Amino acid sequence: MTSAADLESWRGYLARQESRFYDACGGGTYIWDRAAVDRATRRGKTFRGLDIEGAYTGPWHTVRPYVTAEFREWVESDSRGDQIERLTLSEWVERERVERERVEGERGHLETADYTLSQLREFARMLEWRDTLIREAIERGASKVETAAAVGLTRQQIHTIVTRRPAATVEPVPVPPAVPVEGARVAPYAVEPAGVELEADDDGWVEIEPGVWAEAA
C-alpha cells in the first residue's frame with residue numbers, strides 16, 4: 001500500500017519533471033495531444049487525467065499515442081539521462097525503498113567496529129605521511145623549531161620522528177670506534193651513526209653512547 005508520504009514525494013518528482021519538460025521546449029507546447037485524446041474519447045477510451053500525473057501512470061506504450069510529439073521525444077530521448085526518467089508511482093516507491101535500505105545499511109556500517117578500525121588504519125597512514133613530510137623538511141634545511149611550529153608538535157617530538165627513521169632509508173655514515181671509558185672525551189670527528197641524528201650540547205659535544213662523548217665536526 002502506498003503511503004501518503006510516498007505519494008507526495010512522487011508528485012514532487014512529477015512537478016520537477018514537468019518543469020524540466022517545459023524549460024527544454026521553451027514553454028511553447030503541451031504534454032497531451034488534444035486531437036488524439038478527443039478521437040480516443042469518442043471511441044470510448046477514458047483517461048485518468050490529462051496532466052503530468054496521467055502521463056506518468058501505467059505502461060508508456062498505452063500513453064504514448066496520445067501525447068504530443070515534443071513530449072514523446074523528450075521522454076524517449078537518451079541525451080538527458082535520468083533527468084527525464086519516467087517513473088510510475090509504483091516504480092518511484094520501489095526506488096525510494098531501495099535507496100532507504102542502502103542509506104540505512106551505510107549508517108549501520110558506520111556503527112560497527114570494522115568501520116572504526118578502518119578509520120584508525122587511515123589515521124595511521126596519514127601519520128606516516130606527516131612523518132615523511134617532517135623528515136623531508138629537515139633534509140631540505142628547515143630547522144626543528146620551524147618544523148615543529150608548522151605541524152603543531154614540540155621540538156622534541158620532531159627530533160623523535162627524525163631519529164626513528166628506518167636505517168634502510170638513510171645513507172650509512174662511517175663511525176670511528178669510540179673509547180668506552182665512562183666520561184671520556186675522544187678526539188674530534190663527525191658523529192652520525194647510520195639512521196640516527198645526534199644533537200650536540202652547548203659546548204659542541206655529543207653523547208654517542210652512555211658515558212662516551214665526542215666533539216661534533
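How many helices and strands does the protein have? It has nine helices and three strands. Helices (H or I, at least four residues) and strands (E, at least two) are DSSP runs, numbered from the N terminus. Along the sequence the pattern reads α-α-α-α-α-α-α-α-α-β-β-β.

This is a predicted model: local features need pLDDT of at least 70, and side-chain atom pairs count only at pLDDT 80 or more, while totals for chains, interfaces and linings use all residues. Residues are numbered from 1 along each chain as its sequence is written, and side-chain values use heavy atoms, with hydrogens and water left out.

Of the 217 residues, 26% are buried, meaning under 20% relative accessible area (1.4 Å probe, protein chains only).

Now take helix 5, residues 69-76. Phe71, Trp74 and Val75 are buried there. Seen down the helix axis, the buried residues fall within an arc of 95 degrees, so they line one face of helix 5. The arc is that of the directions from the helix axis to the C-beta atoms. These buried residues pack against helix 1 (4-25), helix 3 (52-55) and helix 4 (60-63). Contact means heavy atoms within 4.5 Å.

Next, helix 8 (residues 144-151) and helix 9 (residues 155-163). Their axes come within 8 Å and cross at roughly 105 degrees. Axes are lines fitted to C-alpha atoms, for helices over the stretch in contact, and angles run from 0 to 180 degrees between N-to-C directions. Helix 8 and helix 9 are therefore roughly perpendicular to each other, a term for angles of 65 to 115 degrees. Lys144, Val145, Thr147, Ala148 and Val151 of helix 8 meet Arg155, Ile158 and His159 of helix 9.

Conventions: Parallel < 35°, antiparallel > 145°, perpendicular 65-115°, else oblique. Buried < 20%, exposed > 50% of the residue type's maximum accessible area, 1.4 Å probe, protein only.
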